[in-house]
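Biologist: Could you take me closely through one part of this model, namely a sheet and the helices that pack on it? I would like a connected account that I can follow with the structure open.

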Amino acid sequence: MIPSAMASSTETALESLHHIKSTEPPEWLVPKQELSQAVRAASKLLFSSLKPYCPKSPFDQLLTEGFDVEQIWQQIDLQSQPLLSSLRREVKKFEKHPEEISKLKDGGVGGGEKKKKVLEQIETDNVVNDDEDDDDMDMDEDDDDEEEEDEEGEEEEKERGTEEESENEGEEKGGIEDKFLKIKELQEYLEEDEAREFGLKKKKTKAESKKEEEDTEEEGDDDDEEDENEGSEDDDDEAEEEEDELGLFDGNDEEDEDDLENARYEDFFSRKKNKSSKEKAKSRDMLEEDSGSDDEQDVDKRKDGPSKHEKELDKLRSKIEEMEKANLDPKVWTMRGEVTAAQRQKNSALEVDLDFEHNVRPAPVITEEVTASLEDLIKTRISEGLFDDVQKARTSSSKAPREIKELDESKSKKALAEVYEEEFVQKTDPASALLTFSDELKKEASMLFKKLCLKLDALSHFHFTPKPVVEDMSIQTNVPALAMEEIAPMAVSDAAMLAPEEVFSGKGDIKEEAELTKAERKRRRANKKRKFKAEAAKRMGKKA
Amino acid sequence: MSTEAAATMEIETVPSESKPESNPLPPKPKFEPLKAHEMSDGRVQFRKVSVPPHRYSPLKKYWMDIYTPVYEQMKIDIRMNLKARKVELKTRQDTPDISNLQKCADFVQAFMLGFDVPDAIALLRLDELYVESFEIKDVKTLRGEHLSRAIGRLSGKGGKTKFAIENSTKTRTVIADTKIHILGSFANIKIARDSLCSLILGSPAGKVYSKLRQVSARLAERF
């Protein structure tokens with residue numbers, strides 16, 4: 001576009017801006033053509049002026065001809081979103097390092113002016129956005145929002161202005177300060193500390209904490225606060241939050257101002273009641289409160305001044321009274337001896353640790369070691385094959401097993417006469433008796449088995465396995481081993497065939513004469529005498 | 001019989017040492033035992049056994065098996081009176097023993113009752129065999145279906161219960177409708193009768209079998 005044309009368009013746009021600003025709010029209620037035109041022009045100007053600050057936006061100009069409200073709004077939004085975030089970042093940075101603002105400022109008054117301009121633009125952006133909403137006919141709420149955001153913006157400006165001023169002052173002092181030491185911060189800290197001790201700052205923090213609780217954040221950062229105040233979204237929720245914040249903020253401002261002005265002796269000393277009500281604040285504040293209250297109670301006692309001795313005497317007296325009282329009262333049921341359930345309170349035995357004699361061995365506590373030991377035992381038993389199986393006690397059958405006679409259910413082939421004949425023959429001459437049925441079966445079975453064995457032996461080429469060794473009785477003579485083995489004894493060997501215990505015929509522990517104790521000697525003599533006497537008696541008996 | 005004769009002989013020949021005789025009496029006469037023929041004053045002894053109609057044709061069939069041992073070995077005359085439907089037995093002159101006639105009569109009677117000839121012949125060969133008969137109604141009054149069922153229980157399936165009893169007790173039984181006949185020695189008859197009675201009274205066959213087993217084992221052990 002031609003710069004002159006641009007200049008003229010900017011002028012018209014500025015004019016339209018002013019026009020918008022000057023219109024009364026009720027006029028916005030009815031959609032008017034000229035107002036909308038003015039608004040469009042103003043937005044265009046703002047857009048183009050903001051363009052250099054956001055490199056990423058795809059539009060060079062705000063396109064308004066023939067575009068819908070929504071479309072225009074989207075374009076603005078596209079541009080403003082990244083802009084807002086970058087601005088927020090910048091402000092945060094300035095918060096942490098205020099000297100950089102001064103740098104900016106040093107860079108040129110234009111820097112500060114730029115910032116102011118930026119702020120203005122933000123403000124107007126808010127206004128514009130609200131206008132857009134009006135066009136969409138969300139009227140009442142947005143009016144309120146718009147007003148409050150306007151106020152907000154103004155206040156922000158004020159704040160920023162004050163902060164900037166203060167920071168400027170700080171900067172001007174110069175010299176002593178560097179990154180670590182800032183006298184301004186030091187002063188602030190001192191003030192804070194003093195106020196904390198005397199309960200002023202608490203009010204403010206309490207209000208902040210309230211706000212923070214409403215925002216569902218436990219820690220209040222001044223940064224967050226300011227961010228939210230800055231935030232210029234059009235969501236109704238956030239608008240409400242901002243309302244709240246605004247209200248609180250206003251209140252806080254008022255309260256703080258009042259306290260600072262009307263600080264009294266009562267605020268610093270003897271504030272027990274107020275302090276107790278304000279213990280709902282943060283934990284660190286509570287601790288400080290306690291220390292503060294203790295200090296003040298000590299201060300009070302110092303006024304009364306009972307001596308240590310008197311105090312001790314009081315204590316003793318109280319103790320004595322207690323003990324006398326306990327003695328007079330009826331004893332506790334645990335001290336009373338045999339007490340049945342009716343004589344004590346319900347469930348009172350549960351609270352007392354009673355001592356019983358348990359006749360039952362307590363169940364073994366199963367620990368890892370116990371289980372490990374058990375498992376080891378099991379493993380060894382299994383590996384050895386040493387099971388405690390119940391062995392069946394075999395009854396030694398002395399009698400031969402009886403032949404069980406089977407009931408023959410078919411018609412007997414033998415006539416009755418033949419049956420009796422056989423019976424008679426068996427009685428008189430068992431040798432010539434014919435084989436019974438069972439015997440015949442046995443014979444048949446043995447024949448079959450013999451045939452089978454023959455075939456099996458043929459399989460192994462008639463190479464029989466040796467018979468199992470049957471231990472027989474054999475007589476061992478007590479002859480030297482060598483004599484048994486050889487015919488011509490080369491030498492006589494000591495090794496007798498019999499073992500020494502087989503040679504020895506005697507009982508018990510044989511002791512030598514020298515080894516016997518006195519008692520054993522006496523016993524031996526007594527035995528001898530007894531035997532002799534018995535023999536003598538027998539001889540006498542025989543003779544008689 | 002011969003034992004009796006021996007006994008009498010023995011009694012006669014025992015001298016009495018202690019009695020002194022005043023008058024020398026004549027020596028006592030020695031008598032031979034009477035022959036069957038001479039008994040009843042030399043007249044012939046008869047036995048008549050009536051033949052029931054259902055045994056008529058079996059009699060005809062087995063006539064020779066009956067006739068041979070009776071005539072040859074027992075030496076008893078035997079004939080069939082067709083008109084009177086009776087079997088007649090009579091002693092011969094060379095009949096050795098009077099009891100032969102009775103035995104033959106019993107033998108024929110047993111056949112008429114329903115026993116087989118080889119079984120009945122045991123009567124001829126052994127002395128101590130008897131035939132006992134009784135009716136079901138003697139044991140328990142049964143009517144109609146119960147009676148039929150009792151008879152069925154007695155015989156068993158394919159006659160196996162009957163044979164079981166016969167084999168274990170060494171008897172022979174004949175179950176003719178409501179009449180029961182048992183042939184065997186006295187003790188065996190008793191056992192068989194007990195089993196049959198228990199069957200009539202309603203005990204199951206298995207129970208009877210177990211009892212039979214015990215009894216037969218006991219019988220076998222005795223010898």
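Modeller: Contact here means heavy atoms within 4.5 Å. The model is predicted, and the part to look at lies in chain B, where 3 strands form an open sheet in the order β1-β3-β2 with antiparallel pairing. Because β1 (46-50) and β2 (76-81) of chain B each have a single partner strand, they stand at the edges, and one side of each is left without a neighbour in the sheet. From one strand to the next the twist averages 20°. Between β1(B) and β3 (residues 86-91) of chain B, the antiparallel pairing runs over 5 bridges, and B:Ser50 stands opposite B:Lys86 in β3(B).

Turning to the helices, α4 (residues 63-74) of chain B lies across β2 and β3 of chain B, and runs at about 150° to β2(B). Helix α5 (residues 98-113) of chain B also packs on the sheet, where α5 touches β1, β2 and β3 of chain B, its direction making about 5° with that of β1(B).

These helices also meet each other: the axes of α4(B) and α5(B) come within 11 Å and cross at roughly 170°. Since angles over 145 degrees count as roughly antiparallel, α4(B) and α5(B) are therefore described as roughly antiparallel to each other. From α4(B), the residues in contact are B:Ile66, B:Val70 and B:Met74, which meet B:Asn100, B:Lys103, B:Cys104, B:Phe107, B:Val108 and B:Phe111 in α5(B). Sorted by class, this contact of α4(B) with α5(B) has 7 nonpolar, 1 polar and 1 charged residues.

Terms used: Residues numbered from 1 in each chain as written. Chains lettered and ligands numbered in written order. Predicted model: local features only at pLDDT ≥ 70, side-chain atom pairs only at ≥ 80, totals over all residues. Heavy atoms only, no water. Pairing = 2+ DSSP bridges. Helix = DSSP H or I, 4+ residues; strand = E, 2+ residues; numbered from the N terminus. Axes fitted to C-alpha atoms, helices over the stretch in contact; angles between N-to-C directions. Parallel < 35°, antiparallel > 145°, perpendicular 65-115°, else oblique. Nonpolar A, V, L, I, M, F, W, Y, C, P; charged D, E, K, R; others polar.
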